[in-house]
Amino acid sequence: MSGAHTDPLALTPELLLLLGAVAALLTGSFLPRTRQWPARAVAALALAGSLTAAALQATGAERTVYAGTYALDGATHAARLIAPAAALAVLALSVERVRGDRREAEFSVLVLLGTLGSVVLAGASDLLVLAVAYLLASFPLYALAGWGRDARGAEAALKLYLLGALLGITLLLGACVLYGLGGATDYAALADALPSAPAAALAAGTVAVLGGLLFKVGAVPAHFWVPDAAAGASVPAAAFLTTVPKIGGFVALYRLLTAVPDAVVDWRLPVAVLAVATMTLGNLAAFTQRDPLRLLGYSTVSQAGYLLMAVAVAGRPGSLRALLFYLAAYALTNLGAFAVAAALPGRTTLRSYAGAGRRHPWLTGALVVCLLGLVGTPPTAVFLGKLTVFAASWDGGMAWLAVVAALNTVASLFYYLRWIAPAVGASPDGDGGRGGDEGGDGDSGDGGLGGTRPRRWATGTALATAAGTLLLGAGAGAVLALLPAAVTR
């Protein structure tokens, strides 16, 4: 049901993120370069305000606003809640890393803008809004990847930018093709017009648009930036890059594909093949990784493959609920693993975590919960997320996809255990497994395993997210009942 052309109050959560970014930028501009924590406080307030507004609006009627270009439905409301909550966790785990840095305010502003882009991506119900949201969700990521101003961060930012610019052009090209075929840019009109479009042209336009969105979610074949960004950017930036963009990107993928008639272009099988390729490549590449951050990077690639399973059966019963629940579960669990890495900086190998269980039992416990959660071990939220995605794929006529995903899940246990084993085992050299002091985070190893205390805020974030993934798993039934069954056009 299409709403009015102007309804600014309907976009209160998005406006709060935008105003918060402006306020944080202005606050940082008038503060000493080494004392910019008030800008971070402004950003946190903006995120909390956006979350509150989103929660209040989530009970309203589903509709579209601004001439049908932006959907206010259950999927958008879910993204409005998940993305700012994940961004708040990133701000919390980044406190010690960014405190006193000359670019502390800039980090908070980039987090807000990147979150805004992800939310707008999720709500976009028009090709033009989708293109603008893609750019808004991309440019802050380029800056975040290179925020640390070191060689590895610069390399990660360059790779991210080059791939993002290329696939952004393909997205715009695809949008032009779909507009030419359908004579409109809003999804409702496209859904009515595209069934009579030439199949070859429709397939070309759809593939081009999907290229940009696959980059955003870090899926094959647009995944090359993910491990470099995870290992090269600062840990808080890597946590954001591998989590928040996926939220908006996957909802945008789902919403767009439901407007493309699968009777004209059978997009379901290619998306399922991409899901298999993504989860398999991510898992295989993670097997040999020794850098925990790079391992997490490939882990996020494999998780994108599981999420693509829900997109492959988009529009069929249970698929949207499964996707949204998995996104929430993944965000909590992935951020928890990165929070542990942020709490113990400078650990550049898996073996450098040896003895962590003896020195930091709670932090190691959070790591075990999050890594086993990413595998899909009960009673964590990702276990229920995978279960619902597998069930949606099976019920949607893709039982073979669920079987392949189950095999990949079992295989992934190997590389997560390669990190867990030294962490819970004894240190072989008796020094706490102190690793090298260098790393993509630019830290000197303070807070490592060799005697100094872990970073407090990052530790708190790790414990909170680990507890959150267990609580979300326990309350999965109630949460799934609140999630929508379909998107609105």
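Q: Which element gives the largest share of the lining of the largest pocket?
A: This is a predicted model, where local features need pLDDT of at least 70, side-chain atom pairs count only at pLDDT 80 or more, and totals for chains, interfaces and linings use all residues. Residues are numbered from 1 along each chain as its sequence is written, and side-chain values use heavy atoms, without hydrogens and water. A pocket is an open set of points on a 1 Å grid over the protein atoms alone, where a 1.4 Å probe fits, with protein on both sides within 12 Å along at least five of seven lines; lining residues have an atom within 4 Å of a point. Eight lining residues, the largest share, come from α3.

Q: Which residues are closest to the centre of the largest pocket?
A: The largest pocket holds about 600 Å³ of space. Its lining counts 26 residues. Closest to its centre are A78, L81, I82, A328 and L483.

Q: Which elements give two or more residues to the lining of the largest pocket?
A: Helices are DSSP runs (H or I, at least four residues) numbered from the N terminus. Those that qualify are α3 (74-93), α15 (319-343), α20 (456-474) and α21 (476-482).

Q: Which element gives the largest share of the lining of the second largest pocket?
A: This pocket has a volume of about 310 Å³. Among its 14 lining residues, L11, E14, Y70, V120 and V129 are closest to the centre. Two or more residues each come from α1 (12-29), α5 (104-123) and α6 (127-145). The largest share, five residues, belongs to α6.

Definitions and conventions
Points joined across faces, edges and corners; volume = space filled by probe spheres on them.
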